[in-house]
Amino acid sequence: MAPYAVDLLSDTLTRPSAGMRAAMAEAEVGDDVFGEDPTVARLEARVAEFLGHEAGLFSPTGSLANQLGLRLHVKPGQELIADSMAHILRAELGAAAAFSGITSRTWVSDRGRPTPEQVLSLMAAEASPYHVATALIELENTHNFGGGSILPLATIEAIRAGSEPHGVAMHLDGARLWNAHVATGIELAAYGRLFETVSVCLSKGLGAPVGSVLVGSADAMAEARIWRKRYGAGMRQAGILAAAGLYALDHNIARLAEDHARARRFAEAVGSVAPVVDPAQVETNIVILDLTDHALSAPQAVSGFAQHGVRAYALSHTHVRLVWHLDVDDASTDLAIEAARATLG
Ligand SMILES: *Cc1c(COP(=O)(O)O)cnc(C)c1O
């Protein structure tokens, strides 16, 4: 028995469904280090096509897919620029510095949604005898610590238009790009084409147990494949895992709209008893409660929710995050609303 009746800690908690497990059991496999796993190859080609790129590379985690993408574009001692709350800087344990010698500078934005001017004014494309050159702009869509916020396509286009003439590359952490696609109706490739490389996660709201895919040019993916092996992540009969990803792409993209509707309904219900969330800012499957002006701290609110059987996450002393996913239905959302009203109202 799960200790929580409703678990909103993260959308990574989803468990593979019976249908997904059946697809995994039946997967055709081979040794992927030798490029002989047909199911992995199908997944890589399918995700690349979705995102408007030539080739893909299956990765066990989103962090590795991001880190492979970053190192393709940034030499040791060069810099990338990113949001101060970017997953690559806040939640990947300093990997870009530790593995690739990458330095970074950040902009501070509203919910992870910078203006083009903020990004382009931070960019310093020309190196000098003492200025490090910006080699890469990293963006995240949707933005995790920004509360699942969507970065508008027009913003990304303006950033691309301002950086491309200077030869500065762009990488997208698209762990939840599926959510942005479903919420806006904008094609995945319309986002994907604006970047040299994009990483996407299959193991979040899409419900696969493991897996991410990095996409880019065929040459870039050939280089990333070498680095993946060097990092020790060359996998053998990985088609078992890729089959879960293919199943997720077939069955679990459109239904993300249900997660978004439930998250919004929760925010509306809670916002009506305590001014801790603006429902209009809940664009996808993540709700962040701002308790700055509330009597309870974030950890206190999280324990209050837990007493009602609901798990949430204290992002800081003042902010609580709740994430909707495949294994949270309408009844669970009602329980979460009751818990939040009892705790915060
Ligand atoms: C979850 C996540 C990742 C990847 O995380 P892994 O746990 O390494 O798979 C990358 N970026 C964002 C924004 C995420 O939320």
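# A first look at this predicted model

Welcome to a predicted model, in which local features need pLDDT of at least 70, side-chain atom pairs count only at pLDDT 80 or more, and totals for chains, interfaces and linings use all residues. Residues are numbered from 1 along each chain as its sequence is written, and side-chain values use heavy atoms, with hydrogens and water left out.

**Around D83**

- You will find D83 in strand β3, which covers residues 79-83 (helices, H or I with at least four residues, and strands, E with at least two, are DSSP runs numbered from the N terminus).
- Beyond its neighbours within four places in sequence, D83 is in contact with L89, T106, W107, S109, G112, P114, E138 and H143 (contact means heavy atoms within 4.5 Å).
- The side chains of D83 and S109 make a polar contact at 2.6 Å (a pair of N or O atoms within 3.5 Å; within protein, one must be able to donate a hydrogen and the other to accept it, and residues adjacent in sequence count only if both atoms are side-chain atoms).
- A polar atom of the D83 side chain also lies 2.9 Å from the backbone nitrogen of M85.

**Around T134**

- T134 sits in strand β5, and T134 is buried, with a relative accessible area of 4%.
- Its side chain makes a polar contact with the side chain of E79, at 2.6 Å.
- Not counting residues up to four places away in sequence, T134 touches E79, I81, R105, L122, M123, A124, A125 and V168.

**Helix α7**

- Helix α7 spans residues 153-163, and its buried residues are L153, T155, I156, I159, R160 and S163.
- Seen down the axis of α7, these buried residues fall within an arc of 160 degrees, so they line one face of the helix (the arc is that of the directions from the helix axis to the C-beta atoms).
- An α-helix has 3.6 residues a turn, so residues three or four places apart point the same way.
- On the face turned away from the buried side of α7 are the exposed residues A154 and A161.
- The buried residues of α7 pack against α6 (116-122), β5 (134-140), β6 (169-174) and α9 (188-192).

**Helix α8**

- In helix α8 (residues 177-184), the buried residues are L177, W178, N179, A180 and H181.
- Their cover includes α2 (38-50), β6, α9, β7 (197-201), α11 (239-251) and α12 (256-271).
- After α8 comes G185, which has a positive phi, near 80 degrees.

**The ligand**

- Of the 13 residues around the ligand, G62, S63, D173, R176 and K204 come nearest (a residue is near a molecule or strand if one of its heavy atoms lies within 4 Å of it).
- Helix α3 (residues 62-73) gives the largest share of this shell, three residues.
- A nitrogen atom of the ligand lies 2.6 Å from a polar side-chain atom of D173.
- An N or O atom in the side chain of N144 is 3.0 Å from an oxygen atom of the ligand, and an N or O atom in the side chain of K204 is 3.0 Å from an oxygen atom of the ligand.
- Taken alone the ligand exposes 380 Å², and the protein buries 83% of that (accessible areas come from the Shrake-Rupley method with a 1.4 Å probe; for residues, only the protein chains shown count as cover).

Notes:
Buried < 20%, exposed > 50% of the residue type's maximum accessible area, 1.4 Å probe, protein only.
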